[in-house]
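Student: I am new to this structure. Please take one part and walk me through it closely, then show me how the rest is built around it.

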Amino acid sequence: MTAYFAAAVAGLAAGGAYALLGVCAVFTYRLVAVVNFVGAAIGAAGAFAFAMLAEQGLPLWLSALAGIIVGAAVGAAVGAIMTHWFAESPASTKAAVAVALLVGLAAVGLRITGGQHPHDFPSLIRGSAFRLAGVEVTTASVATLVLALVFTLAANLFLNRSHTGLQLRALSERPVAAELIGIPVHGLSLWVWGVGGAATAFALILIAPQRAPNFLALSLLVVPALAAALIGFFQNFWAALIGGIAMGVVEGLASVIPGLGEYRSAVPFLVILAVLLWSQRGARWDDAR
């Protein structure tokens with residue numbers, strides 16, 4: 001039992017990252033109506049900027065700040081492409097463009113960072129926060145969970161209580177009408193992409209020391225991110241938060257179950273399949289009748 005509890009606690013770090021990435025995906029979708037397949041690759045750009053600057057001897061927190069800025073800049077650049085050329089395109093076209101940008105950014109990132117050549121990702125936050133039933137909970141795990149919770153709270157308050165949040169909701173629902181009444185559509189869209197890129201970069205900086213140290217592996221974290229967002233049907237921040245944390249815990253548990261450890265990376269795919277089947281239950285029930 002202790003081994004299972006320890007594995008579940010160990011999964012909290014990944015779960016916090018999945019939750020934050022999922023919340024960022026919901027944030028982007030609700031505000032600019034784009035399924036953000038490229039979000040994790042944007043964050044990977046910031047994470048690798050952090051690692052490469054730290055390797056050159058720059059202090060860790062300055063390297064992290066630079067990585068977050070790089071994530072925001074890459075996010076804004078992707079947002080500029082989506083806003084300038086594809087703002088009025090159908091959702092399917094936007095999704096296809098996002099996938100193409102994911103492939104392109106991953107190829108460029110692999111080239112710049114040396115392909116599969118590993119980089120040293122130092123731990124930005126070190127040490128143990130506390131021990132729970134004999135299991136050590138790292139400070140990085142707690143920080144990732146807190147960051148996911150704070151971003152969820154901030155996104156909810158921003159969208160529902162602020163004037164700019166209401167403008168952004170109008171932008172996602174009626175972009176042409178929003179532009180006609182004087183809402184700065186282009187600038188707000190870039191802001192959304194930039195904030196999402198910065199948050200994703202920070203999340204990956206925190207969890208990169210526990211992942212495979214190459215650009216493609218970090219970019220593919222888009223799968224659990226979209227699985228978490230799909231749990232909330234790209235609308236509910238809290239569902240994405242809870243779903244992301246739960247996926248991390250399930251992955252941790254799977255790692256200590258004999259015969260399942262090597263398949264734990266399939267958990268997000270199973271979640272996506274289950275949610276899609278659940279969403280179609282009404283139509284299938286009608287067909288059965």
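**A loop and its surroundings**

Tutor: Start with Phe233, which lies in the loop between helix H10 (222-231) and helix H11 (237-254). Keep in mind that this is a predicted model. Phe234 is found in that loop between H10 and H11 as well.

Look at the backbone here. Most residues other than glycine have a negative phi. Phe233 has a positive phi, near 50 degrees, and is not a glycine. Phe234 also has a positive phi, near 60 degrees, in a residue other than glycine.

Phe234 has 11% relative accessibility, so it counts as buried. The cut-off for buried is under 20%.

Step back into the helix. Leu230 sits in helix H10. Its relative accessible area is 15%, so Leu230 is buried. What does Leu230 touch, leaving out residues up to four places away in sequence? The answer is Ile272, Val275 and Leu276.

Take the contacts in the protein chain between residues at least 6 apart in sequence: 76% of them join residues at least 24 apart. The chain has 289 residues, and buried residues make up 46% of them. It holds 13 helices and two strands.

The largest nonpolar core has 67 residues. Those with the most contacts inside this core are Val38, Phe121, Trp193, Leu204, Leu218 and Leu221. Helix H1 (residues 2-32) gives the largest share of this core, 13 residues.

Val38 is then in contact with Val78, Ala98, Leu101, Leu102, Leu105 and Trp193. Some of these names return in the helix packing below.

Two packed helices are described by the angle between their axes and the distance between the axes. Take helix H2 (residues 39-55) and helix H3 (residues 60-86). They pack at an angle of about 150 degrees, with their axes 7 Å apart. That angle makes H2 roughly antiparallel to H3. The crossing of H2 and H3 is right-handed.

Which residues meet there? From H2 come Ile42, Ala45, Gly46, Ala49, Phe50, Leu53 and Ala54. From H3 come Leu60, Ser63, Ala64, Ala66, Gly67, Val70, Gly71, Val74, Gly75 and Val78. By class, the contact of H2 with H3 has 12 nonpolar and five polar residues, and no charged ones.

H3 packs on its next neighbour too. The axes of H3 and helix H4 (residues 91-113) come within 11 Å and cross at roughly 145 degrees. H3 passes H4 in a right-handed crossing. On the H3 side, Val74, Val78, Ile81, Met82 and Phe86 take part. They meet Thr93, Lys94, Val97, Leu101 and Leu105 in H4. This contact of H3 with H4 has eight nonpolar residues, one polar and one charged.

Val78 ties the picture together. Val78 is listed where H2 meets H3. Val78 is also listed where H3 meets H4. And Val78 touches Val38.

Note on methods. Residues numbered from 1 in each chain as written. Predicted model: local features only at pLDDT ≥ 70, side-chain atom pairs only at ≥ 80, totals over all residues. Heavy atoms only, no water. Axes fitted to C-alpha atoms, helices over the stretch in contact; angles between N-to-C directions. Helix = DSSP H or I, 4+ residues; strand = E, 2+ residues; numbered from the N terminus. Parallel < 35°, antiparallel > 145°, perpendicular 65-115°, else oblique. Left-handed = near helix turned anticlockwise from the far one by under 90°. Contact = heavy atoms within 4.5 Å. Nonpolar A, V, L, I, M, F, W, Y, C, P; charged D, E, K, R; others polar. Core = buried A, V, L, I, M, F, W, Y, C linked by side-chain atoms within 4.5 Å. Buried < 20%, exposed > 50% of the residue type's maximum accessible area, 1.4 Å probe, protein only.
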